[in-house]
Amino acid sequence: MNLIDRISAQFEDNMRTTLEALELLAAPIAGAVELITASLLDNGKVLVCGGSGCAGDARRFAAQLVNGFELERPSLAALALSADTSTLAPLTGEPDAASMFARQIHAFGHPGDILITLLTGADSARIEQAIHAAHERDMHVIALTSGKPGRIAECLGPADIHISPPADRRARIQELHLLTLHCLCDGIDCLLLGVED
């Protein structure tokens with residue numbers, strides 16, 4: 001096994017997948033930037049949740065909205081629903097653990113707020129219930145899914161935005177999700193601060 005060849009193959013696969021995704025995802029990402037920015041300008045907030053391994057990305061994205069990305073700006077209202085371990089702990093062993101995000105959305109979500117969901121794998125009852133809860137609160141949903149979103153796509157309404165990378169490998173999906181989140185941060189900052197280039 002030649003490690004350099006394997007590493008090169010990973011980079012090349014990433015580049016191919018990213019270029020293929022650009023044509024498909026640029027417009028929905030731009031739409032998501034505009035939707036989030038409009039909500040924030042109207043005193044809304046962004047709630048973010050991720051299935052299993054995506055929880056860390058959800059927390060990081062919320063932190064970038066609150067603390068800043070690459071430009072200096074005031075804090076933006078964002079909350080990662082997987083960050084409060086005290087809230088989550090009582091539910092982990094309960095039969096209704098699938099409602100852990102939905103309960104927080106019912107507590108913190110308001111009409112006009114945004115829910116962003118992240119899921120790289122198969123369907124997730126937690127994410128499905130979160131989307132339903134957001135709709136009950138008249139919130140918009142931006143769903144980042146795998147290339148085969150299954151039931152998650154069926155949960156989305158016409159005003160929601162679906163960002164589904166054209167990839168089968170979980171590593172490539174995660175990489176595209178991270179790039180998408182960075183594009184969202186950059187785009188929001190640019191719209192809020194009036195950056196031209």
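A polar contact here is a pair of N or O atoms within 3.5 Å; within protein, one atom must be able to donate a hydrogen and the other to accept it, and residues adjacent in sequence count only if both atoms are side-chain atoms. The model is predicted: local features need pLDDT of at least 70, side-chain atom pairs count only at pLDDT 80 or more, and totals for chains, interfaces and linings use all residues. Residues are numbered from 1 along each chain as its sequence is written, and side-chain values use heavy atoms, with hydrogens and water left out.

**View 1**
His177 sits in helix α7. Helices (H or I, at least four residues) and strands (E, at least two) are DSSP runs, numbered from the N terminus. The His177 side chain reaches the backbone oxygen of Thr145 at 2.9 Å. His177 counts as buried, at 1% relative accessibility. Buried means under 20% relative accessible area, exposed over 50%, and partly exposed in between (1.4 Å probe, protein chains only). Leaving aside residues up to four places away in sequence, His177 touches Leu118, Leu119, Thr120, Leu144, Thr145 and Pro165. Contact means heavy atoms within 4.5 Å.

**View 1. The bend in helix α1.**
Helix α1 covers residues 3-41 and spans only 49 Å between its end C-alpha atoms, whereas a straight helix of 39 residues would span 57 Å at 1.5 Å a residue. The expected span is 1.5 Å times one less than the number of residues. α1 bends by about 50° at Leu25. Pro28, a proline, follows within four residues. The bend at a residue is the angle between axes fitted to the seven residues ending there and the seven starting there.

Asn2 caps the N-terminal end of α1. A side-chain oxygen of Asn2 lies 2.9 Å from the backbone nitrogen of Ile4. Just after α1, Asn43 takes a positive phi of about 65°.

**View 2. The buried residues of α1.**
Asp13, Thr17, Ala21, Leu25, Ile29, Ala32, Val33, Leu35, Ile36, Thr37, Ser39 and Leu40 are buried in α1. An α-helix has 3.6 residues a turn, so residues three or four places apart point the same way. The buried residues of α1 pack against strands β1 (46-50), β3 (114-118), β4 (140-144) and β5 (161-163). They also pack against helix α7 (170-193).

**View 3. Arg170 in helix α7.**
Arg170 is found in helix α7. Arg170 is partly exposed, at 48% relative accessibility. Its contacts are Thr120, Gly121 and Ala122, not counting residues up to four places away in sequence. The C-alpha atoms of Arg170 and Gly194 are separated by 35 Å, with the two residues 24 apart along the chain.

**View 4. The Asp189–Arg73 salt bridge.**
The structure holds seven salt bridges. A salt bridge is a side-chain nitrogen of Lys or Arg within 4 Å of a carboxyl oxygen of Asp or Glu. One of them joins the side chains of Asp189 and Arg73 (2.5 Å, N to O). Asp189 lies in helix α7 and Arg73 in the loop between α2 (55-67) and β2 (78-80), so the pair ties together parts that are 116 residues apart in sequence. Asp189 is buried, with a relative accessible area of 1%. Arg73 is buried too, at 10%.

**View 5. The Glu128–Arg151 salt bridge.**
Glu128 and Arg151 meet through their side chains in a salt bridge (2.8 Å, N to O). Glu128 belongs to helix α5 (residues 125-136) and Arg151 to helix α6 (residues 151-155), so the pair ties together parts 23 residues apart in sequence. Glu128 is buried, at 13% relative accessibility. Arg151 is partly exposed, at 41%.

**View 6. A salt-bridge network.**
Asp13, Arg16, Arg169, Arg172 and Glu175 are linked in a network of salt bridges. Between Arg172 and Glu175, the closest N and O atoms are 2.7 Å apart. These two residues are three apart in helix α7, separated by about one helical turn. Arg172 is buried, with a relative accessible area of 5%. Glu175 is partly exposed, at 31%.

**View 7. Cysteines without disulfides.**
The structure holds zero disulfides. A disulfide is a pair of cysteine sulfur atoms within 2.5 Å. The sulfur of Cys49 is 9.9 Å from the closest cysteine sulfur, in Cys54, too far for a bond. Cys183 is in no disulfide either; the nearest cysteine sulfur, in Cys185, is 9.5 Å away. Cys49 is buried, at 0% relative accessibility. Cys183 is partly exposed, at 33%.
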